[in-house]
Amino acid sequence: MLRFLGFRLLRAAVTIVLVVSFAFVVLRLSGDPAQIIMGADAPPEAIVAFRRAWGLEEPLWRQYLRYFGAIVSGDLGRSMRDGRDAIALVAERIPATLALTIPALLIKLGLGIPAGITAALHRNSLIDRAVMMLAVAGFTVPSFVLGLLLVLLFAVQLGWLPSGGQEGWRHAVLPIVTMGIGGAAVLARFTRSAMLEVLGQPYIRTASAKGVPWRAVVWGHALPNAAIPTVTIIGFMVGSLIAGAVVVESVFSWPGVGRLLVVAVANRDLAVVQCILLLVAATMVTANLVVDLLYGALDPRLRQRTA
Amino acid sequence: MSGIALPAGLVGEGKRRRRWPVLVLCAMAWLGLMLGIALLADAIAPYAYTALDLRNRLSPPGATMLHPLGTDELGRDVLSRLIFSIRMSLLIAFGATIIGALIGTSLGVVAAHFRGFVEQVVLALVDFSASLPFLILALAVLAFFGNSLTLFVCLLGLHAWERYARIARGLVISAGAQGYAAAVRQLGASPWRIYGRHILPNIASTLIVSMTLAFPEIILLESGLSFLGLGVQPPETSLGSMVGYGREYLTRAPWILLSPAAVIVLTTFSVSVLGDWLRDRLDPTLQ
Amino acid sequence: MTLPLLEATGLTRHYLMRRGLFGRPVEVRAVNGVSLALERGRTLGLVGESGCGKSTTGRLVLGLERPDAGGVAFEGQPMPPPGTPAWRALRARMQMVFQDPLGALDRRMSIGAQIAEPLEIHRIGDRPERVAQLLRDVGLRPDQAGRYPHELSGGQRQRAVLARALATEPALLVCDEPISALDVSIQAQVMNLLVELQARLSTAILFVSHDLRAVRQVSHRVAVMYLGRIVEEGEPDAVLHDPAHPYAQALVSAIPHPGRRQRRVLLQGDPPNPADRPSGCAFHPRCPAALPLCAQEDPVLKPRPGDGRRVACHVAQGDLPARKAA
């Protein structure tokens with residue numbers, strides 16, 4: 001198990017290093033930082049001074065090491081717009097985003113998994129078709145369209161809820177519902193196909209053939225086995241808690257990390273973009289790591305192999 | 001996000017029913033219509049998509065016979081803009097899907113052919129791109145490089161490349177290990193012949209199904225980024241950017257964004273239905 | 001003395017096998033010092049239980065894999081490394097027939113196109129006529145060229161594979177369990193076909209099989225393999241009527257003979273794990289005649305004093321410890 005853990009940690013570290021290197025390479029490829037930051041019509045001697053000051057004349061590998069060192073020590077640079085520390089800028093937006101994504105995640109789990117299981121257990125029934133029809137609709141309607149339709153209905157026509165901003169819980173309802181419905185649809189489809197796959201296995205037939213009550217077959221054999229693939233996609237959803245709301249935050253003018261990212265991209269505020277990129281990668285990699293460990297708990301085969 | 005299976009129940013039980021399900025026929029008809037519009041955009045659009053009609057600004061659908069779907073805040077004809085947006089969005093989605101399939105399949109084949117170190121590098125890249133939400137990655141690249149249509153298409157092409165790479169690698173390894181590929185190899189065939197004439201035709205159906213499953217995702221990505229104002233830039237127009245700009249007039253002129261939104265939804269839905277139906281018919285092994 | 005068409009000396013091939021996901025890799029000697037020679041127009045039968053390395057030997061002989069030690073010479077020339085142009089060109093001279101004909105054929109191509117493929121690869125002209133001729137040679141009709149593998153029966157598929165293998169008129173044919181996937185009634189047809197084609201084309205055949213009777217029917221010589229080694233080699237009738245090695249005796253006694261009662265040699269234990277080779281003679285833990293010497297010293301394959309049969313066994317050779325000590 002230790003060995004397994006070590007291997008997974010190593011892979012997680014490699015992914016993080018890749019993301020950092022990706023950011024460095026892209027940063028260097030996208031143009032001369034001195035030109036970008038000082039502006040195109042900066043005097044040449046100022047540019048030379050800037051390059052010397054930031055070590056841009058050193059060989060690339062030393063720049064890379066320095067860059068890496070800065071990131072390890074937590075220095076992600078300053079926003080080019082207001083000169084504030086990029087980390088602080090991003091950190092103060094995180095609570096607002098989590099206020100949307102955590103309730104939305106609960107809706108996805110609470111709606112998507114039961115719907116998928118029910119559909120699979122009553123395959124080809126009316127329930128199955130209805131659930132799947134809704135699920136496909138939820139998947140094919142992009143979140144910005146769904147969000148705007150909800151605004152049109154509940155804010156413009158009925159006037160029940162505000163259309164945007166962040167003043168109280170009423171403002172959070174529409175964005176949460178928008179995200180929750182889309183995610184629940186994806187999860188329902190996934191759960192259903194994982195469940196159907198498991199229900200088609202010989203051991204399920206064996207269990208019900210030897211007289212195990214159907215409820216016990218479902219709870220004891222089908223669900224634990226269907227949980228294994230489903231955990232992967234839930235891990236992905238947990239991993240995108242921080243930045244999974246880019247589009248929805250923009251639709252509802254919600255001042256979260258996603259909105260910050262879009263504004264930073266539009267302004268080419270590279271330090272902020274890079275900070276969010278690393279934050280997302282770290283969350284995602286952590287979530288994947290947890291998923292891998294959960295696999296060990298859910299799948300005895302993996303446990304044995306590592307013993 | 002991985003391409004998730006549409007239930008067989010929704011599009012008919014492929015094998016048992018020989019006749020074509022109604023839903024699939026509708027999806028095909030809709031896609032045919034979209035393709036026709038995209039190809040004939042210049043001929044059928046009543047106006048240029050940038051033409052202004054300042055006397056009829058924000059005119060609702062049906063208000064004048066001149067603008068059946070209404071006009072936007074500058075008096076531009078929504079129908080004409082919709083037609084050119086369909087062309088732009090389909091062009092981007094087709095281009096990006098093909099780029100993704102080419103890159104992914106080549107890397108997958110290369111990984112399977114050379115194994116060892118090359119394979120590990122490809123797999124590390126696959127891990128890397130599977131570990132980041134693609135939207136974030138795309139936003140980062142757009143921030144660093146700025147935007148141009150070519151870059152945008154190539155960027156979207158990177159979406160799902162790792163899926164093709166994974167599938168192609170797996171299929172090539174299993175094909176090479178057993179049976180026909182080993183048999184042809186020992187006939188003295190060159191690697192080009194083995195891959196080109198035997199392995200690729202045999203795995204093509206699986207790859208085509210993956211392409212139809214990735215296509216709607218690319219349309220959604222393109223429209224999402226364009227909606228955020230980071231994709232297709234004015235004066236060019238796409239379905240997503242129409243929705244994005246129409247959002248300003250949501251209360252006063254909802255028709256500006258409703259028609260492109262409907263086209264996005266119907267198109268992605270049709271391609272999904274078609275892709276799932278194809279998968280059931282051609283390759284039931286794909287999840 | 002004429003040079004043999006094929007000469008393999010001291011072939012050794014080991015694989016690293018992992019136990020589980022992170023287990024320490026274990027070395028498995030699939031083939032452990034096999035030497036054999038084959039002349040034009042002759043057939044060597046290679047028999048043994050599954051996992052004894054006979055298929056790997058076939059692949060090494062064809063140069064599909066590189067041996068870790070030892071070498072293969074074809075017409076006196078060393079085998080070029082796999083994948084090189086010289087190796088590919090040599091494929092026209094040596095071909096393989098597979099156990100599973102359906103797997104060996106591309107499902108998406110007609111058998112005619114597949115039989116023509118070696119002709120295209122090696123740029124041999126006159127394709128349509130040659131394909132028709134090949135189809136007739138293996139007992140198929142020329143009009144079946146347009147058929148796809150799934151439209152043919154198992155026997156017909158194996159005939160198509162054979163036609164493809166013979167297209168370039170190879171000097172050497174390695175048949176790896178060519179009949180074990182076929183129905184019994186078809187097995188005889190395919191074997192007769194092999195014998196008949198060999199007589200006409202004077203192809204050398206390495207016939208790998210676990211079926212002793214099939215081997216006897218087609219072979220001029222027989223080699224018995226056990227755990228990566230040849231333990232006995234000789235004329236098929238001699239080996240099968242009067243096997244010298246205890247393992248060969250057990251194999252022969254396992255052939256059912258209707259109406260004849262005979263003492264069966266029952267082997268104890270399972271085939272040993274190739275990753276964990278016993279010391280001395282690899283067969284001694286299961287051998288009914290094992291001597292103390294057998295656990296210590298590995299017997300070599302050499303002619304037996306009496307009749308010159310090649311056997312690797314202390315008992316059959318009469319290497320008694322007392323005599324050895326003297």
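Biologist: Which residues of α6(A) meet which in α7(A)?
Modeller: On the α6(A) side there are A:A115, A:T118 and A:A119, and they meet A:I127, A:D128, A:V131 and A:M132 of α7(A). Contact here means that C-beta atoms, placed from the backbone, lie within 7 Å. Helices are DSSP runs (H or I, at least four residues; strands are E, at least two), numbered from the N terminus. By class, that contact has five nonpolar, one polar and one charged residues. Ala, Val, Leu, Ile, Met, Phe, Trp, Tyr, Cys and Pro count as nonpolar, Asp, Glu, Lys and Arg as charged, and the others, Gly among them, as polar.

Biologist: Before we go on, what kind of model is it?
Modeller: This is a predicted model, where local features need pLDDT of at least 70 and side-chain atom pairs count only at pLDDT 80 or more, while totals for chains, interfaces and linings use all residues. Residues are numbered from 1 along each chain as its sequence is written, and chains are lettered from A and ligands numbered from 1 in the order in which they are written.

Biologist: And what is the mean pLDDT of chain A?
Modeller: The mean is 79, with 87% of the residues of chain A at 70 or more. pLDDT is the predictor's confidence in each residue, from 0 to 100.

Biologist: Switching to chain B, how do α3(B) and α9(B) cross?
Modeller: Helix α3 (residues 78-114) of chain B and α9(B) also cross at roughly 140°, with axes that come within 8 Å. The contact of α3(B) with α9(B) involves, among others, B:G100 and B:A101 in α3(B) and B:M211 and B:F215 in α9(B).

Biologist: Which elements of chain B touch chain C?
Modeller: Chain B gives 14 residues to the contact and chain C gives 17. On the chain B side, α8 (179-185) and α9 (191-227) are the elements that give two or more residues. That side divides into six nonpolar, seven polar and one charged.

Notes: Contact = placed C-beta atoms within 7 Å. Axes fitted to C-alpha atoms, helices over the stretch in contact; angles between N-to-C directions.
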